[in-house]
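Subject: Handing over a model

Hi there,

Here is the structure I promised to pass on to you. Please have a look at it first, and then read my notes below.

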Amino acid sequence: ENENSRAAGFLDRILHPMGMGSYHTSITLRDDNYSFAAVAGITKTTIRNEPTPPNATLQESINLGPSTFQSRGEINQIVNNLRVTFHGTSYHLANRNCNHFTETFATALTMGDRLIDGKRPKAVNKYPAWVNRLAKTGTKLGLDGGDVCNVWIEARKAAGADTKVDHDLVTSSSSSKQTTKRTVQKSKHKKKELTEKQKAALEKLKLKT
């Protein structure tokens, strides 16, 4: 056990009761485990071969909910999109760490159509806030260095939601309603045609009168 490990352990014991411990997280999807680290960037390993960080113990596993994306191709595309900002040299303890990655990845996977609304960020309900509280506090205090991760914006880009819009659906629906309304109005004003029997009966009435 080196001096850095002992110092980190000592600091963690002090901060943990305050809900500000230092944690490493990863995302497990099917049989694969995804994580982010300095130098290596985003890595994928099988569950049985997932390495445990030195001097660390498993805290807990949390089910974050079903993934909107099911095919391996879709999931691989999201991961590749995340690699643009989550690469080995972009890692930063406070501003872009493993927990930023797992929260962003989880948001891209589980939020579905809610990602289309870019103006109102939404958090993954089951993602624990305490996991990255220490790092986010450091960012708020102005800890410089590295590009600060914006979970919502980067999740939208990773899922391709930043290029999707829903106003086309509203427009076509409105247009359809207007067309239907005009058709109904025209049918109301259209003269009703008499059948042959009705015409014959009408002629008889005229003759009688």
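Predicted model: local features only at pLDDT ≥ 70, side-chain atom pairs only at ≥ 80, totals over all residues.

Residues are numbered from 1 along each chain as its sequence is written, and side-chain values use heavy atoms, with hydrogens and water left out.

Confidence

pLDDT is the predictor's confidence in each residue, on a scale from 0 to 100. The protein chain has an average pLDDT of 76, and 64% of the residues score at least 70. Among the elements of the chain, α3 has the highest mean pLDDT (96) and helix α6 (residues 167-189) the lowest (40). Residues 1-5 have a pLDDT below 50, and beyond near neighbours in sequence this stretch has three contacts in the model (a contact means heavy atoms within 4.5 Å). Residues 166-184 also stay under 50 in pLDDT, and the model has one contact for them beyond four places in sequence.

The helices

Helices (H or I, at least four residues) and strands (E, at least two) are DSSP runs, numbered from the N terminus. Axes are lines fitted to C-alpha atoms, for helices over the stretch in contact, and angles run from 0 to 180 degrees between N-to-C directions. For handedness, a crossing is right-handed if the near helix is turned clockwise from the far one by less than a right angle, and left-handed if anticlockwise.

Let me start with α2 and α3. Their axes come within 11 Å and cross at roughly 140°, so the two helices are oblique to each other. The crossing of α2 and α3 is right-handed. On the α2 side the contact involves I75, I78, V79 and L82, which meet F101, T104, F105, A108 and L109 in α3. By class, the contact of α2 with α3 has eight nonpolar residues, one polar and no charged. Here Ala, Val, Leu, Ile, Met, Phe, Trp, Tyr, Cys and Pro count as nonpolar, Asp, Glu, Lys and Arg as charged, and the others, Gly among them, as polar.

What angle do the axes of α3 and α5 make where they cross? Helix α3 (residues 98-110) and helix α5 (residues 151-159) cross at roughly 50°, with their axes coming within 8 Å. These two are therefore oblique to each other as well, and α3 passes α5 in a right-handed crossing. H100, E103, T104, T107 and A108 of α3 make this contact with V151, W152, E154, A155, A158 and A159 of α5. Six of the residues in the contact of α3 with α5 are nonpolar, three polar and two charged.

Helix α2 (residues 72-82) also meets α5: the axes come within 8 Å and cross at roughly 135°, which makes α2 oblique to α5. Again, α2 passes α5 in a right-handed crossing. In this contact I78, N81 and L82 of α2 meet E154, K157, A158 and A159 of α5, and the residues divide into four nonpolar, one polar and two charged.

The sheet

Three strands form an open antiparallel sheet in the order β1-β2-β3; two strands pair if DSSP finds at least two bridges between them. β1 (27-29) and β3 (41-46) stand at the edges with a single partner strand each, so one side of each has no neighbour in the sheet. On average, neighbouring strands are turned by 25° against each other, direction ignored.

β1 pairs with strand β2 (residues 32-37) over three bridges, and I27 has Y34 in β2 as its bridge partner. β2 and β3 pair over six bridges, with A37 opposite G41 in β3. The hairpin of β2 and β3 has three residues between the strands, and V39 takes a positive phi near 70° there. Finally, α3 lies across β1, β2 and β3, running at about 135° to β2.

Best wishes

Notes: Parallel < 35°, antiparallel > 145°, perpendicular 65-115°, else oblique.
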